[in-house]
Amino acid sequence: RGTDEPMKVEVLVHQGHSPPGAIPGPVVAKAEVQRWFTAPGVRRIRLKEGVVRGSLFLPPGDGPFPGVIDMYGDEGGLVEFRSSLLATRGFAALSLPYFDFEDLPKVMKEFRLEYFEEAARFLQRHPKVKGPGVGVIGTGKGAELALSMITFLPEVVAAVSISGCSSNTIADLHYGEMTLPGLRFNMNKVSVSDTGVFDIFEALDDPTNPANSPCTIPIEKAEGHFLLVVGEDDRMWKSSLYAELAIRRLRQHGRENFELLSYPGAGHRIDPPSTPFCHVAMDRVLGVPVLGGGESKAHAHAQEHSWGKIQEFLHLHLG
């Protein structure tokens, strides 16, 4: 999670061919590759502004720069590496935690959109931020919060949803007198493999069920633009279906303010390129290994391609 130290990958070349499970031959060459997350001159400012917590990453130079809020999912805490990479690419990026960090709520029970509104206003008014609007990028639960932010907050004019849901999930979301209830997970629909890996693909309540319509985020109210990024082999939940539902809703209201990037063979967590791919990962909420889906080569392509497209989208709509 740190951005001060590089991610190190050691590459070894062994003599001969070794079938799976066999002891490889002698090492004939090796090299270490380092992936740095912060370019020289990028500034990291820890944030305690009103109720808002997080880290603001600023590119070198005088600016002003396009401003982006960056959020991750149910792992909670402060996740900074994408924000530092965005700052390296010329964005003023606010890494925004929303639970399990400092004095924020410990668990995802309920959220108030006013917290995210205060973060958007802070970033919009920052002297290094170009304006007039800011963008938001989120993965998983963070993607869904990004959709709610662009829907209800005029400060947000561009939203990148990576593997998000078009309905509010898990925790109720309040804004003034309005409440979007959260879709729930039905643990009876979870299957467990012989190796103890949990498959939760079918567990989330069906957003197309009319009984769950109060959970739907009314994205047709948004004045800004959407970029939906999904992996077609996402096994965490049905992100391809949720993107399809979002697009259908926008088109029903005569809106064409969206782009879709859909990647065959990619899994759930589509991060910036050269980030490790995990077919299975420990889930912080459930405390068990959960299937994320995807195949390594296809997922790597999705990360490489989408990262460039995300930057193009943000520059287009934020200046």
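Visitor: How many aromatic pairs does a search of the whole structure find?
Guide: The search finds 10 aromatic pairs. Rings of Phe, Tyr and Trp (its six-membered ring) pair if their centres lie within 6.5 Å; planes under 30 degrees apart count as stacked, over 60 as edge-to-face and the rest as tilted. This is a predicted model, in which local features need pLDDT of at least 70 and side-chain atom pairs count only at pLDDT 80 or more, while totals for chains, interfaces and linings use all residues. Residues are numbered from 1 along each chain as its sequence is written, and side-chain values use heavy atoms, with hydrogens and water left out.

Visitor: What kind of pair do tyrosine 98 and phenylalanine 116 form?
Guide: A tilted one, with 6.0 Å centre to centre and 55 degrees between the planes. Tyrosine 98 sits in the loop between strand 6 (92-95) and strand 7 (110-112) and phenylalanine 116 in helix 2, so the pair ties together parts 18 residues apart in sequence. Helices (H or I, at least four residues) and strands (E, at least two) are DSSP runs, numbered from the N terminus.

Visitor: Is phenylalanine 116 buried or exposed?
Guide: Phenylalanine 116 is buried, at a relative accessible area of 1%. Tyrosine 98 counts as buried too, at 5%. Buried means under 20% relative accessible area, exposed over 50%, partly exposed in between (1.4 Å probe, protein chains only).

Visitor: Which residues join them in a cluster?
Guide: Ring pairs link Tyr98, Phe99, Phe111, Tyr115 and Phe116.

Visitor: And what about phenylalanine 152 and tyrosine 175?
Guide: Their ring centres are 6.2 Å apart and the planes stand at 50 degrees, so that pair is tilted. The pair links distant parts of the chain, 23 residues apart: phenylalanine 152 is in helix 3 (residues 141-152) and tyrosine 175 in strand 10 (residues 172-175). Phenylalanine 152 is buried at 16%, whereas tyrosine 175 is partly exposed at 21%.

Visitor: Changing topic. How many residues has the largest nonpolar core?
Guide: It has 50 residues, and those with the most contacts inside it are Ile69, Met71, Tyr98, Phe116, Met149 and Phe226. Helix 2 (residues 113-125) gives the largest share of this core, 7 residues. A second, separate core has 25 residues, including Phe81, Leu261, Tyr263 and Leu318. A nonpolar core is a set of buried Ala, Val, Leu, Ile, Met, Phe, Trp, Tyr and Cys residues joined through side-chain atoms within 4.5 Å.

Visitor: What is methionine 149 in contact with?
Guide: Leaving aside neighbours within four places in sequence, methionine 149 is in contact (heavy atoms within 4.5 Å) with Ile69, Met71, Leu113, Phe116, Val136 and Val156.

Visitor: Where does phenylalanine 122 lie?
Guide: In helix 2. Phenylalanine 122 counts as buried at 17% relative accessibility. Glutamate 49 is 73 residues away along the chain, yet the two C-alpha atoms are separated by 8.0 Å.

Visitor: Which domain does UniProt list for residues 112-319?
Guide: The unreviewed entry gives "domain: BAAT/Acyl-CoA thioester hydrolase C-terminal" for them. UniProt positions are in the numbering used here, feature names are shortened, and annotations may be inferred rather than shown by experiment. That span is 30% helix and 21% strand, and its end C-alpha atoms lie 29 Å apart.
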